[in-house]
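Subject: A structure for you to explore

Hi,

Here is the structure I promised to pass on to you. Please open it alongside this email, and then read on for what turned up in it.

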Protein chains: 2
Amino acid sequence: MSTRDHWPRRVRIVEVGPRDGLQNEAATIPTAAKVRFIELLADAGLADIEATSFVSPRAVPQLADGEAVLAALRRRAGLRYTALVPNARGLERALRARVQGVALFTAATDAFAERNIRMSVAESLAAFSPLATDAHAAGLWVRGYLSVCFGCPYSGAVAPTTVLDVARRFLDLGIDELALADTIGVATPGQVQAVAGLVREHIGTATLALHCHDTRGTALANVLAAFDVGVTTFDASAAGLGGCPFAPGASGNLATEDLLYMLDGMGVETGVQLDGVAAASRYLLGVLGRPPASRYLQAGRWDRGAAAVVTNASGQAKG
Amino acid sequence: MSTRDHWPRRVRIVEVGPRDGLQNEAATIPTAAKVRFIELLADAGLADIEATSFVSPRAVPQLADGEAVLAALRRRAGLRYTALVPNARGLERALRARVQGVALFTAATDAFAERNIRMSVAESLAAFSPLATDAHAAGLWVRGYLSVCFGCPYSGAVAPTTVLDVARRFLDLGIDELALADTIGVATPGQVQAVAGLVREHIGTATLALHCHDTRGTALANVLAAFDVGVTTFDASAAGLGGCPFAPGASGNLATEDLLYMLDGMGVETGVQLDGVAAASRYLLGVLGRPPASRYLQAGRWDRGAAAVVTNASGQAKG
């Protein structure tokens, strides 16, 4: 049974909002605002932050200032800033920007890979092989993203064995962490256990992470289900921003606040302060001029202490 | 572990949208539209539908046409229409309207009961005792709602033992089903297991149901957690409408579509057709002139079959 005894004591959260969230924004966000947002996330205790990507500025203009963002960020002990890199040019930029890690990305299906990165899965893995080697040689930590592990907007259902096959070839590159992504937010708990359970048997010394989207409200249930197959690393995006510009139907990464609200309630340690993340999200939402995107911020603060405090996103009491 | 083997084969869904959802609507909804909505829900296979309430029309004007709604509904074998009743006058109206069941309601805390029904918990249970007796004498099924079992907007945290104490006194009235309600949507999985697990030990021959709000995105995780303490009956509201007019911070019952999306994905039988519920929700949202409220309708249909079909709420392809 999935009772307290079977849940992990501690969960590691990988914050992807500054990259996966901001890459989709239509408005131009000042570099200084991105830096402030990321520093607030670090202040909240997040220790793995995907700060930007070094893809082509033409493809993702919103993150064209990756070098400037990373140059401005104060480095802290125990905090890893990573950047998404698609190719040798991206890795070169990331190295010069003094990241601690890089993330490579392909998909579980050729249909998605071809639309997203204009390569087949096999071609992408072949292209990544020297990148992983070079990144490791430079002392960087290497993460691999595997998109559409639970359903593809172009080719439909994805068999767990298909995910396993690509996952094993990705792991063969020597990556340190593999993130199984529910890119369009269609996964349900049994499927998470089937896919993550299968991959975990072959994960070796790497870490297995789950990257949920809350598109259909199943993200936290999927996290709970993943606990039971030993997954303890989860991606989340402050304020719930994000989605994928190449994935129709995708919307809303699992919000860091929402994940923390559940984990805090379960007594699972994360080392991250919910109030601090909420402050970072409110800051960014103020810059973007939009209402809260996470369920937690929409609902208002709930104090589990003796006196109820129910407030809305701007901190005013609603009672 | 909470794997497939430990999940129930079948789950019973209690549809509360026509009562718990519609009671909060500001717009006047024509009686014929309510009837059509409910008939569509019944067409979808829902077998337990809370159709209206017989509270004072001054307190809840939106449901003042309860008699007319129930008079127009076609009765079907195996389908139970229930109505919420607060007092002897309400029960009398419900009996004349030929319901198959009634629902009584109090709270886990005096602070909430006093604001919601203007009685202490003890006073409400004393007042309900003859109602339960009379309802049973008339051959009706009797459900009891227990509000704010996981947190109260007026008195804060609620101890599991407090819930148990009120639950036992409620069960002593001989009710057939007890629904533990997360009225303001603050529950997390460990808390659900603690509270529902404790009450279940004393449930006797009655059924234990869980009434989730998805205010903070935890509803489906809470359903999953509840499976592990043997709960197999869940309330849900088509289109995710609802909340509680007396509960600050409350918003959004768990949407029936969202619950079904997860259960269908897990292979858990419900006897309810997701497409049919989505059709009922779309019909009602059209009457209300508002965008989809459930995550499923917001996200668009996802076909688990071989060919991906991702459409938006109006059924148009987004890809």
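One definition first: two residues are in contact if their C-beta atoms, placed from the backbone, lie within 7 Å. Please also keep in mind that this is a predicted model.

**The middle of the core**

Which residues touch the most other members of the largest nonpolar core? They are L146(A) and L146(B), in a core of 222 residues. Leaving out residues up to four places away in sequence, L146(A) touches T106(A), A107(A), A108(A), V163(A), V166(A), A167(A), F170(A), L178(A), A179(A), L180(A) and A181(A).

T106(A) from that list is worth a look of its own. You will find T106(A) in strand β4 of chain A, residues 101–107. Is T106(A) buried or exposed? T106(A) has 27 other C-beta atoms within 10 Å, so it is buried. Again without residues up to four places away in sequence, the contacts of T106(A) are A113(A), I117(A), V121(A), S124(A), L125(A), L146(A) and F170(A). As for L288(A), T106(A) is 182 residues from it in sequence and 30 Å from it in space, C-alpha to C-alpha.

**Helices that pack together**

Two packed helices are described by the angle between their axes and the distance between the axes.

Start with helix α7 of chain A (residues 160–171) and α8(A), whose axes come within 9 Å and cross at roughly 35°. The crossing of α7(A) over α8(A) is right-handed. On the α7(A) side the contact uses P160(A), V163(A), L164(A) and A167(A), and these meet A194(A), V195(A), L198(A) and V199(A) in α8(A). By type, the residues of this contact are eight nonpolar, no polar and no charged.

The crossing is right-handed. From α8(A) come P189(A), V192(A), Q193(A) and A196(A), and from α9(A) come A221(A), N222(A), A225(A) and A226(A). This contact has six nonpolar residues, two polar and no charged.

M262(A), G265(A) and M266(A) of α10(A) make the contact with P189(B), G190(B) and Q191(B) of α8(B). Here the residues divide into three nonpolar, three polar and no charged.

Most residues other than glycine have a negative phi. Which way do A239(A) and R98(B) go, positive or negative? A239(A) has a positive phi of about 70° although it is not a glycine, and R98(B), also not a glycine, has a positive phi of about 60°.

Both sit in loops. A239(A) lies in the loop between β8 (233–236) and α10 (256–266) of chain A, while R98(B) lies in the loop between α4 (88–96) and β4 (101–107) of chain B. Their surroundings are worth checking as well: A239(A) counts as buried because it has 28 C-beta neighbours inside 10 Å, whereas R98(B), with 12 other C-beta atoms within 10 Å, is exposed.

Enjoy exploring!

Best wishes

Conventions
Residues are numbered from 1 along each chain as its sequence is written. Chains are lettered from A and ligands numbered from 1 in the order in which they are written. This is a predicted model: local features need pLDDT of at least 70, side-chain atom pairs count only at pLDDT 80 or more; totals for chains, interfaces and linings use all residues. A crossing is left-handed if the near helix is turned anticlockwise from the far one by less than a right angle, and right-handed if clockwise. Helices (H or I, at least four residues) and strands (E, at least two) are DSSP runs, numbered from the N terminus. Ala, Val, Leu, Ile, Met, Phe, Trp, Tyr, Cys and Pro count as nonpolar, Asp, Glu, Lys and Arg as charged, and the others, Gly among them, as polar. A nonpolar core is a set of buried Ala, Val, Leu, Ile, Met, Phe, Trp, Tyr and Cys residues joined through C-beta atoms within 7 Å. A residue is buried if 20 or more other C-beta atoms lie within 10 Å of its own, exposed if 12 or fewer, and partly exposed in between; C-beta atoms are placed from the backbone. Axes are lines fitted to C-alpha atoms, for helices over the stretch in contact, and angles run from 0 to 180 degrees between N-to-C directions.
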